[in-house]
Amino acid sequence: MATSDEIQRCAQMSSAVVAADGGAAHCVAAGITPDAVIGDMDSLADTQIDGVPAEHIHTIAEQDSTDFDKALRNIDAPLVLGVGFTGARMDHQLAVFNVLVRRPEHQCIILGDTDIAFLCPPVLRLPLEEGVRVSLFPFGLVEGTSTGLKWPINGLNFTPDGQVGTSNEATGEIEITVTGPKLLVILPNAYLEMVTESLLRSPARWPAL
């Protein structure tokens, strides 16, 4: 569940706030009226969204996708910050990561209690400090190269049931290149603003040129 501080942190960095179904109640509790509410509305009681105009609510009734998926695929923005999608249920969290990989055309950073997670673009450059934890987790077969990592990934074949890159470390500024949109990058959440700036400056384009 998202805290008010987490919602406010993301809202201050954003031009609009979109709530996924019951997330509208958390926005209102944080003092923010969402610009849109998207989802199947099965977890949102009318009494929880007092003050949200009816025209801001967009119901998508199909049950073949999650509310996160419904929201993400209907947002037209260069980058989305997702808050409140980690911690409560493991299956929901895995479903969110699945959507990040299935919809690489929608750049999105997921903010959790301790970490952020995002799909690695074709080239990722971050001016990290020495010792910062950098975890890499594949959701499909993917290869890559790196500079600035304590354990370079050059020549490795990453797969969900094989090689993963948990708890690598930066030795300074890092550069990671990947062959496809299959690798999640997980960093401490103190680096949300840095990653946001990087992804906005050099948006992911798949397939890589």
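How many salt bridges does a search of the whole structure find? Ten come up, and point 6 has one of them. First, some ground rules: this is a predicted model, where local features need pLDDT of at least 70, side-chain atom pairs count only at pLDDT 80 or more, and totals for chains, interfaces and linings use all residues. Residues are numbered from 1 along each chain as its sequence is written, and side-chain values use heavy atoms, with hydrogens and water left out.

1. Let's start with the open sheet. Its three strands come in the order β1-β2-β3, and the pairing is parallel. (Strands are DSSP runs of E, at least two residues, and helices are runs of H or I, at least four residues, numbered from the N terminus; two strands pair if DSSP finds at least two bridges between them.) At the edges stand β1 (18-20) and β3 (57-59), each with a single partner strand, so one side of each has no neighbour in the sheet. On average, neighbouring strands here are turned by 20° against each other, direction ignored; the axes behind that angle are lines fitted to C-alpha atoms, for helices over the stretch in contact, and angles run from 0 to 180 degrees between N-to-C directions.

2. Looking inside that sheet, β1 pairs with β2 (residues 36-39) in the parallel sense, over three bridges. A20 has I38 in β2 as its bridge partner.

3. Another parallel pair is β4 (residues 80-83) with β5 (residues 108-111), joined by four bridges. Here V80 stands opposite C108 in β5. To get from β4 to β5 the chain passes through helix α4 (residues 90-102), and this β-α-β crossover is right-handed, meaning that with the strands pointing away from the viewer, the path from the first strand over the helix to the second runs clockwise.

4. Now the pockets. On a 1 Å grid over the protein atoms alone, a pocket is an open set of points with protein on both sides within 12 Å along at least five of seven lines, a cavity is a set where a 1.4 Å probe fits but cannot get out, and lining residues have an atom within 4 Å of a point. The largest pocket holds about 1,300 Å³ of space, a volume being the space filled by probe spheres set on grid points joined across faces, edges and corners. It is lined by 46 residues, and V18, A19, A20, V83 and F85 are the closest to its centre. Elements giving two or more residues to this lining include β1, β4 and α4. The second largest pocket has about 160 Å³, and β6 gives the largest share of its lining, three residues.

5. There is one cavity of 30 Å³ or more, and the largest cavity has a volume of about 70 Å³. Among the residues lining it are L100, C108, F118 and W206. The lining has eight nonpolar, two polar and no charged residues (Ala, Val, Leu, Ile, Met, Phe, Trp, Tyr, Cys and Pro count as nonpolar, Asp, Glu, Lys and Arg as charged, and the others, Gly among them, as polar).

6. Back to the salt bridges, where a side-chain nitrogen of Lys or Arg lies within 4 Å of a carboxyl oxygen of Asp or Glu. R73 and E62 form one, at 2.7 Å from N to O. This pair links distant parts of the chain, eleven residues apart: R73 is in helix α3, and E62 is in the loop between β3 and α3.
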